[in-house]
Amino acid sequence: MEYNDSLSISMDDFNGGEEVDIPDMLPMMAVRDVVVFNYMIIPLFVGRPNSIEAVNEALASNKLLLLVSQKDATRDDPKAEDLYQVGMVCMVMRTLKLPDGRLKVLVQAMSKAKILEYVHHEPYFQVRIEPLEDKEGGEITVEIEAIMRVIREQTEKIMALRGILSADLMMIINNVDEPGRLADLVGSNLRLKVAESQAILEETEPVKRLRLVNQFLSKELEVSTVQAKIQNDAREEMSKSQREYYLREQLHALQKELGDTDDHNQDMDELESHIRRAKMPKEVKKEARKQLERLDMMHPDSSEATIVRTYIDWLLDVPWKKGSKDKLDLVEAKKILDEDHHGLDKVKERILEYLAVRKLNESTKGPILCFVGPPGVGKTSLGRSIARAMGRKFHRLSLGGMRDEAEIRGHRRTYIGAMPGRIVQGLKTVASNNPVFMLDEIDKIGADYHGDPSSALLEVLDPEQNTEFSDHYLNLPLDLSKVMFITTANMTDSIPSPLLDRMEVIRLSGYTLEEKSVIARQYLLPRQIERNGLKEHHLTMDEETLAHIVSHYTHESGVRNLEREIGKVCRKVARKVAEGGEGPYAINLQNIESYLGPPKNLPEAENKRLDEPGLVTGLAWTEVGGELLQIEVNLMPGKSRLTLTGQLGDVMKESAQAALTYCRSRSAELGVSEDYFDKHDMHVHVPAGAIPKDGPSAGITIATAMYSAITGRKVAANLAMTGEVTLRGRVLPIGGLKEKALAALRADIHHIIIPALNEKDLVEIPEDLRARMTFHPVENMDQIIVLALGDGISGQPKTP
């Protein structure tokens, strides 16, 4: 059985029915958003447990219950203080149980009543009541008749304005002559506020109740009139827009049928539609509409129209508010970083720290990192891995050789062929405002009369300024604070100080032989097998062979040449497979030379050369990593001349002069006469003479080589050294200790003399590397002489 939720009213309802005896104690049910008046028949949905219990109690007795309105409709469990004290005694006429457990109840109002006492609250409200009867109204005067007529007119106007005017209802209202009943009928049908309806209900004097209704109706009529006016204005505006739209569509259809299509107007409509749907900041959208108006007034074939149209297209293509959602799962991010790169723990830790902060504070700005390290250590590929771990788009911009500032900031629109800078172009390419943006080779950026790109990058890479980055072409503020900028460089010496100050430098040193072997096994070999069209069963290579390729066919900090050598092996195997061979082809120490030729690097031979006085191994740092530096010194009869060869720089020449002065001041300790140096010439040579060399870190190496040549004592073959020397033999600190240690280990050298002030830098060297090497911190040349020319170094490699 279903009930209509609308109010059902008939004349019989106002003639009263059978008189029902109302007991002084009834179950009570709270209702929300409605006040029940006399003679109303209203359907109610009952869902609260105590309300259902009250209905059941009424059905079990005399079908009567008291309905009382809540003061606050949001309260699900109202107390006595949350309810009004006057309600309506109603009879339950019909009930229907719904599938969701609620009851649909049809009730008829019988009489007003006042709550005297709450007998109990559980499981439902049981109250003691006192019925309220209307006072005698007396004779209907002219004034009362006038008020009743005004109420009827106002009611008709309000219903008409609301669109709920009913002829049947107005006939009933016009036929009601009793002031009290008219007030109740109007109050029940005009959806007044609960507090206003309750005030009408509680008034027992009919004339006063009528005046109260008249007061509320006057206010409601004003509100309804204004509301209707607002709706009418909005409807007229909407109708006008719809009318224009339909007329425009009809015009386009007619033009199309006549073959007179106006492509210009069609383009304008499409651009207007794109601008309206685009997610732009207000000032950008305002500028786009302004330029669209200019374009609409221009001839489509004019050159200026092309410039404006291109500008609008750029405004639409820039991802002002479109970005990708960050993956903030730290465990998954770490897994992805470990899958793509072996080692590089410091970099991975920094990325995970950023993700942790981003997870706790979504408004944090993106870091600006600078990866500094030799070629081939994975700086660029690490940027791609970071983007994958964070779930962001990736874009790479090479700055090498860039000399024009407009490459960064863009050209002004006054120039023919003007376009935005590479930063804006990159954002358009990835269609995201928060990509991982890699600026490659920032140390190789140039400058000329076109401007200085490094100065333009100051704004891009400054978190305090790049929230309103200004591109000359767009000429509108662009927020770059969500972009994660990563720059790469081989060295920081050529990066301007203000630019370097804006970046967080993370140094990536080279790999050890073991790390290269792991990288070759896990990453390089599978990649080359796939790129050369092979399958895993076509080729096998054991760990010993991979280590041999690393040590005898490559001499680098990274793994770029190592991948080339592995690729060379795979290509030769691919040729055999293409010629009909089935494999598998085992690559081992016995046949590796047939694939790669004779070894290019013999670390054992380099150590065997150091078997004469005056030969010492030094360590140098270059932009491609650490390198060995062989220092040779020869003495000849002469007139105290010092000859320096090997393309030495000014700093290195000064180090040689300082080393000679130190040795001359130690004539007694050297066991030579005071005029020894006046009768001998000294020649210092650093092999690989075609390569320029400079820096202060070879000072102690040159001094030791001179000392060895003068005394005729050999230096331990398993020893290398680095450090700056003063005239009085003090040893000063140097940089690049980790890279130099890796270079020594590649040459199978396990003892390194370092300045004592660099002992603090040993923590940056991996623990497994420190376990295989012995570092000898020294403060002066006397300690070095004891270690290098005495019995301080055994010459035997340290067992890992």
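View 1. Just past α4, Arg191 has a positive phi of about 50°.

This is a predicted model, where local features need pLDDT of at least 70 and side-chain atom pairs count only at pLDDT 80 or more, while totals for chains, interfaces and linings use all residues. Numbering starts from 1 along each chain as its sequence is written, and side-chain values use heavy atoms, with hydrogens and water left out.

**View 2. The largest nonpolar core.** This core (buried Ala, Val, Leu, Ile, Met, Phe, Trp, Tyr and Cys joined through side-chain atoms within 4.5 Å) has 51 residues, and Met29, Leu67, Val107 and Leu210 have the most contacts inside it. Helix α6 (residues 206–258) gives the largest share, 7 residues. A second, separate core of 50 residues includes Ala333, Ile519, Leu524 and Ile549.

**View 3. Helix α17 against helix α19.** Helices α17 (residues 513–531) and α19 (residues 560–578) pack at about 45°, axes 9 Å apart; the axes are lines fitted to C-alpha atoms over the stretch in contact, with angles from 0 to 180 degrees between N-to-C directions. On the α17 side, the contact (heavy atoms within 4.5 Å) includes Lys516, Leu524 and Arg531, and on the α19 side it includes Glu563, Ile566 and Cys570.

Note on methods
Helix = DSSP H or I, 4+ residues; strand = E, 2+ residues; numbered from the N terminus. Buried < 20%, exposed > 50% of the residue type's maximum accessible area, 1.4 Å probe, protein only.
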